[in-house]
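Trainee: I have a structure open and I'd like to learn how to read its features one by one. Could you walk me through it?
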Amino acid sequence: MTVALYTHRACLDHDPGSGHPESPLRLAAVLEALGTDRFALLDRIEAPRATREQLARVHRESLIAEILDDQDDPFRRLDPDTVLSPGSAEAALRAAGAVCAAVDGVVHGRQRRAFCAVRPPGHHATTQTAMGFCLFNNVAVGAAHAIAAHGLQRVAIVDFDVHHGNGTQDIFWSDEQVLYASTHQWPLYPHTGARRETGAGNVFNVPLDPGADSAAFRAAYEDTLLPAIDRFAPELILVSAGFDAHRLDPLANLRLDESDFRWITERLVDLAERHAQGRLVSSLEGGYSLSALRLSSAAHVAALMD
């Protein structure tokens with residue numbers, strides 16, 4: 001059974017502006033890394049658009065309309081970091097649609113695992129607010145789709161982006177069908193993700209100090225997060241795959257390298273095989289060093305394929 005790569009060229013057309021760290025060059029770097037012979041066996045699939053129904057499971061209509069319908073000003077700044085350009089609505093639809101289609105693919109057995117090489121990222125977007133470079137919460141849309149469209153009862157979301165996924169946590173704060181597990185630098189934007197934030201017992205946060213290295217990262221998973229996921233016995237694992245905890249990343253201060261992303265991916269694949277018939281869907285979040293993105297995305301997808 002194959003591993004799929006979901007992407008769409010429209011995701012390159014979201015343009016936050018010159019000098020913005022969430023540049024189209026990020027996705028281009030990932031696709032370049034995954035375009036080598038090493039990844040020739042990937043099942044490459046064009047991401048569809050998410051439907052409004054899929055988006056509305058986690059987002060208020062006011063946010064959906066703000067992104068998709070209000071086109072009076074083609075360049076709009078939603079917050080100091082989050083920008084809409086003429087290509088942003090289509091990119092956001094394809095990014096969320098990729099995760100939903102990947103969920104369909106693994107649940108129906110067409111693929112075993114999938115990586116969604118998409119942008120804009122999603123894990124900061126809350127029910128009603130686009131923020132932190134994120135428009136729609138792609139992984140949250142996918143999790144809600146897995147439950148509503150496929151009847152899954154237990155979906156785990158694992159977020160190893162260096163920034164805490166406040167939006168994902170907010171959306172599923174009291175939803176016991178979804179487990180949210182995160183490592184992230186603390187303190188750092190968006191200044192959420194303390195250990196005491198536990199939702200309905202379904203939220204697990206392990207903050208990492210600035211300068212934390214591989215040992216601290218791996219201990220967080222081995223001691224706390226992997227056992228929690230194992231106890232939850234998910235029917236599907238979703239991954240918010242941000243690679244900005246890499247030591248080369250300019251926006252944070254953790255000291256990981258690509259081998260750490262391969263390691264955590266292997267551990268999550270093991271859990272997916274144990275509990276979820278192998279079903280795992282990963283979606284690109286952050287990562288702002290192009291060289292680190294190439295190395296890290298390649299290591300991550302190689303581990304999905306092994």
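Trainee: Let's start with the loop between β5 and α5. Which proline lies in it?

Mentor: That's Pro120. Keep in mind that this is a predicted model. To read a peptide bond, look at omega: the bond from Arg119 to Pro120 is cis, with omega near 5°.

Trainee: Which residues does the other cis bond I've marked join, with omega about 5°?

Mentor: Tyr189 and Pro190. Pro190 sits in the loop between β7 (178-185) and β8 (203-208).

Trainee: Is Gln277 buried or exposed?

Mentor: Exposed, as its relative accessible area is 58% and the cut-off for that class is over 50%.

Trainee: Now helices. How do I read which side of one faces inward?

Mentor: Here's the general idea: an α-helix has 3.6 residues a turn, so residues three or four places apart point the same way. Now take helix α1, residues 24-33: its buried residues are Arg26, Leu27, Ala29, Val30 and Ala33. They span an arc of only 155° around the axis, so they lie on the same side of α1.

Trainee: What covers those buried residues of α1?

Mentor: The cover includes β1 (2-7), β5 (111-116), β10 (280-284) and α9 (290-305). While you're there, check the start of α1: a side-chain oxygen of Ser23 comes to within 2.9 Å of the backbone nitrogen of Leu25.

Trainee: How would I go about reading a single buried residue?

Mentor: Find its element, then its accessibility, then its contacts beyond the sequence neighbours. Take Ile64 in helix α3 (residues 61-68). Ile64 counts as buried because its relative accessibility is 0%, with the cut-off at under 20%. Leaving out neighbours within four places in sequence, Ile64 contacts Arg52, Leu55, Ala56, His59, Asp69 and Phe136.

Trainee: Let me try His145. Which helix is it in, and what is it in contact with?

Mentor: His145 is in helix α5 (residues 138-150). With a relative accessible area of 6%, His145 is buried. Its contacts, again leaving aside neighbours within four places in sequence, are Gln54, Arg57, Cys100, Val103, Asp104 and His150.

Trainee: What about a glycine, such as Gly167?

Mentor: Gly167 lies in helix α6 (residues 166-171) and is buried, at 0% relative accessible area. Not counting residues up to four places away in sequence, Gly167 touches His123, His124, Ala125, Thr126 and Asn137. For Ile64 and Gly17, 47 residues apart along the chain, the C-alpha separation is 22 Å.

Trainee: Last topic: pockets. What's the volume of the largest pocket, and which residues lie nearest its centre?

Mentor: Rolling a probe the size of a water molecule over the atoms shows where empty space is left. The largest pocket has a volume of about 190 Å³. It is lined by 17 residues, and Gly132, Phe133, His163, Tyr189 and Leu251 lie nearest its centre. By class, that lining has seven nonpolar, six polar and four charged residues.

Conventions
Residues are numbered from 1 along each chain as its sequence is written. This is a predicted model: local features need pLDDT of at least 70, side-chain atom pairs count only at pLDDT 80 or more; totals for chains, interfaces and linings use all residues. Side-chain values use heavy atoms; hydrogens and water are left out. Buried means under 20% relative accessible area, exposed over 50%, partly exposed in between (1.4 Å probe, protein chains only). Helices (H or I, at least four residues) and strands (E, at least two) are DSSP runs, numbered from the N terminus. The arc is that of the directions from the helix axis to the C-beta atoms. Contact means heavy atoms within 4.5 Å. A polar contact is a pair of N or O atoms within 3.5 Å; within protein, one must be able to donate a hydrogen and the other to accept it, and residues adjacent in sequence count only if both atoms are side-chain atoms. On a 1 Å grid over the protein atoms alone, a cavity is a set of points where a 1.4 Å probe fits but cannot get out, and a pocket is an open set with protein on both sides within 12 Å along at least five of seven lines; lining residues have an atom within 4 Å of a point. Grid points are joined across faces, edges and corners, and a volume is the space filled by probe spheres set on the points. Ala, Val, Leu, Ile, Met, Phe, Trp, Tyr, Cys and Pro count as nonpolar, Asp, Glu, Lys and Arg as charged, and the others, Gly among them, as polar.
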